[in-house]
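This report concerns a ligand site and the pockets of a protein model. The sequence and structure come first.

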Amino acid sequence: MVSNWEDFYAKNPRPADLEQSESLLKDFIRRHDDRKVVLVTSGGTTVPLEHNTVRFVDNFSAGTRGSVSAEYFLDHGYAVIFLHRLKTLEPFSRHFAGHSFLNMLDLKTENGKPSVIVSPEYTEQISQVLCKYKEILKQGKLLQLNFTTLAEYLWLLRSTCKALAPLKSRAILYLAAAVSDFYIPSNEMSVHKISSSGPPTIALHLVPKILEPLVSLWVPEAFVVSFKLETDENLLISKARDALNKYKHYLVVANMLHTRKEHVVIVSRDDNYPISLSKSQIAAGEEIEQQIVADLVKKHDAFIGSAGKVT
Ligand code: PMT
């Protein structure tokens, strides 16, 4: 019998550029097969309503968690595959997103000719980020691949898992992307822009939980960390624990929509504990991902030491 996830892949064609991404992945893993490698997924997936897509269902994720975490994993010496939604935040460039970038610059006019300079108060901050970025580029330790739709994400995720599998316990999967739970199958989607002559009836189907084949078949020996997002505090921990019991991966980072930047709960088989930023840490610009990543890196080292056994 064909499982739900196999059915999804059978009915949603491979992205045209998947082969190119697979060759980048193969090359990246070959270059880093002696170190720890993390896959960070980031941003939300779109669910198109039409094949010639004018409209789509989307979600709130800005890619902050993923892009910030990717930088901290690099700090800990990991090679990072950053699988992100196009036009969401990316490591390093995130520091210059939006109009804050323009505030970092000044104009200087000499002999009637304007030139652009960095405002003195930002010089240190920009040079620190730039130095790190250039070093990471030189070392080739960051591979960025992007997706927009749910189907593109799921195809790329599967290919990345295949590439990571030989690393066994040295691979972390840090699944921070906000993946849609609902979609319209390709064969039920309107080809052209849905007419607005009357209210449309749109039937969404459930997306198969991809954690299931990922943990049991694609990367059974890797250190898999999923995320759980809720808006009802009463459900958060029980849902995170249900996911662990069902998919049998290593741990869940549980977070609430409105407090996700200052509070998460790390949920493992045996216990759960919070990681929080105090008011003063938030005011000082500290990022909760620094603590999350440091915690996971310690656990990952222990996991490698115990040859990948989930205790
Ligand atoms: O990007 P930001 O704005 O910084 O926000 C960060 C975040 C809130 C998006 C992030 O911290 C987070 O919680 N990401 C996971 C959100 C989510 O999809 O939660 P979920 O409860 O719907 O899914 C739980 C897990 O199941 C996820 O790790 C997901 O990878 C996985 N999943 C989801 C759908 C699906 N069809 N198959 C899956 O395996």
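The model is predicted, so local features need pLDDT of at least 70 and side-chain atom pairs count only at pLDDT 80 or more, while totals for chains, interfaces and linings use all residues. Residues are numbered from 1 along each chain as its sequence is written, and side-chain values use heavy atoms, with hydrogens and water left out.

**Ligand shell**

The ligand is surrounded by 24 residues, counted as near if one of their heavy atoms lies within 4 Å of it. Ser61, Arg65, Phe227, Lys228 and Asn255 are the closest. The shell comprises 13 nonpolar, six polar and five charged residues; Ala, Val, Leu, Ile, Met, Phe, Trp, Tyr, Cys and Pro count as nonpolar, Asp, Glu, Lys and Arg as charged, and the others, Gly among them, as polar. At least two shell residues come from each of α3 (64–75) and β11 (223–230), and β11 gives the most, with four. Helices (H or I, at least four residues) and strands (E, at least two) are DSSP runs, numbered from the N terminus.

The table gives polar contacts, pairs of N or O atoms within 3.5 Å.

| Residue | Atom of the residue | Distance to a ligand oxygen atom |
|---|---|---|
| Asparagine 255 | polar side-chain atom | 2.6 Å |
| Arginine 65 | backbone N or O atom | 2.8 Å |
| Threonine 64 | polar backbone atom | 3.3 Å |

Of the 780 Å² of accessible area that the ligand has on its own, the protein covers 95% (Shrake-Rupley method, 1.4 Å probe).

**Pockets**

The ligand takes up the space of the largest pocket; a molecule sits in a pocket if more than half of its atoms lie within 2 Å of its grid points. On a 1 Å grid over the protein atoms alone, a pocket is an open set of points where a 1.4 Å probe fits, with protein on both sides within 12 Å along at least five of seven lines, and lining residues have an atom within 4 Å of a point.

The largest pocket has a volume of about 1200 Å³, the space filled by probe spheres set on the points. Its lining has 49 residues, with Ala177, Ala178, Val179, Asp181 and Phe227 nearest the centre. By class, 24 are nonpolar, 13 polar and 12 charged.

The second largest pocket has a volume of about 350 Å³. Among its 19 lining residues, Asn12, Pro48, Thr149, Ala151 and Met189 lie nearest its centre. α6 gives the most to this lining, with four residues.

Methods: A polar contact is a pair of N or O atoms within 3.5 Å; within protein, one must be able to donate a hydrogen and the other to accept it, and residues adjacent in sequence count only if both atoms are side-chain atoms.
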